[in-house]
Amino acid sequence: MGIVAGLDSSPDFTRIVVCDADSGAVLKQGYAPHPLESGEGGGRPADVDPQAWLLSLGEAAGGGLLEGVQAIGVSAQQNALVPLDSQGNTVRPAMPGGDKRTQAAAADLIDRLGGREAWAQAVGSVPQAMYPVTKLRWLARNEPEAAQRVALVLQAHDWLVWQLLGRPSRRTTDRGGASGTGYWSAASGSYRPDLVELALGHQAMLPEVLGPGDAAGTTPEGLIISAGTGETMAAAFGLGVRQGDAVVSLGASGSVMAVHHEALADPSGMITSLADATGMHLPVVHTLNAVRTLRGTADMLGLSGIEELSDLAMKSTPGSHGMVMLPYLEGEKTPNLPHTAGTLSGLRRESMKPEHLARAAFEGMLCGLGDAMDVLRGRGVEVRRIFLLGAAAELPAVQAAAPMLFGTQVVVPQPADYAALGAARQAAWALNGQLPQWQGAAAQVLEPGEELPVGQAVRQQFTAVREQTHPGAFDSVGA
C-alpha cells in the first residue's frame, strides 16, 4: 500500500514519476531542465555545480507533486564525481559522467596497477575515462591542491540522497552505483580503498553500500528515501528485465547488457562488470558505433535523416546484395580497434544502389551489436529475449532486421521514463519491505520466425568480412 516517487536526474534534466506502490501505475509526473550554462561549442559543460541538480529537482517537484508520497527513490547519471572536503562542501564542481578530459588518466591507472588483467581481477572492469577512479587520478595530476582537500567521494545519486536526508553523518550508495566507480568489486561486494589511494594520492571516505530494498534513511517528516542507483540499473529495474533478458541500447554509440547471476572479469576490457539494483549482475559491452552509422550513411546518400534511410533500406533485401559494412567509423571498442576505420565490402555493379547501401548500414550496426552480445554469450550469459531501446528501435528497417540477426525474440518497449520508474519501484521496495511485482513495460514483440536462417547467413557474411579485415579481433575476450 502507499504512494511512491521515482526521481531521475539525468545529465540534462530531472524527471519525477509518482506511482501507486502496489501496481506501479503512474499517477503524476514532473519535469524540469537543469539550469546549466553551455560548455565550449554549445555542448554540455565540463564541470557542473551539483546545486543545479537540486534546483531542477525542486522545480520538477513543484505544484505539490509529492503530496501524499511516502517514499522516494533516486536515479541519477552514472559516474558523475562529487568530491567533498571534511566539512561536506564541494572541493570543486562535479565532474559529469561523460567527461572526456580523463582519457590519459585512465591509461596511467592501467599502467600503475600492472595492466588490464590486474584491474579486471581487482574490480571487474578496466579503467575508462568516465569512471570516478579515473577522475580522481585526473584531479591528482591536474588540480593537486584540490585533490589534497578531498575527504569524501560521492556520485550524483549518492549526493542527492544525502541532500534529501538533510546531510546526515551517514553517507550511502548502492551496489549498482558502486560497481561503476572502479574501486568497488561486484564479485567480492567490497571496496578497494587502495585503488582510491593509487588514484588520488591519499585515502578518502567512501559511502556505505546498501543492499537491495534497503532504505538510506528517513527525513524528519517521515519520508523514506531508498538507496538510489545509477540510471542504467534504474532503467533495467523499471523495464522489469530478469535473467535471460538482454537490453540493447541504440544511441550514437551502442551497448548490450544482460542480467546474470555472477560478476564477469574480462581482462580484454570489453565487458564492464556492473551490479544491478536487485542483487544480480549487469555485465555490459559497449560499441562506439550505432546510430552514428545510420546518420553518416544518410548524409552520404543526401537523405534528410535516418527515417528516410530506413524507408530506403526497406527496398533492399536481407544481405544487401552482398554488400557488407563494418561500422567502425569512430574506431571501435568491441572489438578493440581504437584506430581503425569503417569498411565497405562486396561492391559489385548490381549491388551499387542506394537502397543496398542503406540496408548494409542497418545490418552493419546490428551485426556489430550482435558481436557485442556474443561476447556475453561466450562467457555463459543466457540471452532468450532482447529489449531494444532508443528512438531508432522504432524504425521499420531496425524492426525488420533485428530479430533475424539477433536470433531471438525482440521486445520494443513503448517510450517511458524507465529510469524514474525503476527508482520508484526501488522506493516501493524500501517502503513495503518486499520486491514489488509491477507489470512489465508495454511493448511490441517481434519474433525471428522463418527468417532466422536468413539472419544467420547475413551474420556469417558479416563475420567473414570482419575476420578477413581484422583477423583475431576477438581472440583476447575472456582470456
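The model is predicted, so local features need pLDDT of at least 70 and side-chain atom pairs count only at pLDDT 80 or more, while totals for chains, interfaces and linings use all residues. Residues are numbered from 1 along each chain as its sequence is written, and side-chain values use heavy atoms, without hydrogens and water.

Start with the helices, which are DSSP runs of H or I with at least four residues; strands are runs of E with at least two, and both are numbered from the N terminus. Helix H9 (residues 231-239) and helix H14 (residues 418-432) have axes that come within 6 Å and cross at roughly 80°. That makes H9 roughly perpendicular to H14 (65 to 115 degrees). The axes are lines fitted to C-alpha atoms over the stretch in contact, with angles from 0 to 180 degrees between N-to-C directions.

Next, the aromatic pairs. A pair needs ring centres within 6.5 Å; planes under 30 degrees apart are stacked, over 60 edge-to-face, and the rest tilted. The whole structure has 4 such pairs. Phe13 and Tyr31 form a tilted one, 5.5 Å centre to centre with 45° between the planes. Phe13 lies in strand E2 and Tyr31 in strand E3, so this pair ties together parts 18 residues apart in sequence.

Phe237 and Trp429 have ring centres 6.1 Å apart and planes at 45°, so they are tilted. Phe237 lies in H9 and Trp429 in H14, so that pair ties together parts 192 residues apart in sequence. Are these two buried or exposed? Both Phe237 and Trp429 are buried (under 20% relative accessible area; exposed is over 50%, partly exposed in between, with a 1.4 Å probe and protein chains only).

Last, Cys19 is buried at 0% relative accessibility, and Cys367 is buried at 1%. The disulfide count is 0, with a cut-off of 2.5 Å between cysteine sulfur atoms.

Definitions and conventions. Parallel < 35°, antiparallel > 145°, perpendicular 65-115°, else oblique. Phe/Tyr/Trp six-rings, centres within 6.5 Å; stacked < 30°, edge-to-face > 60°.
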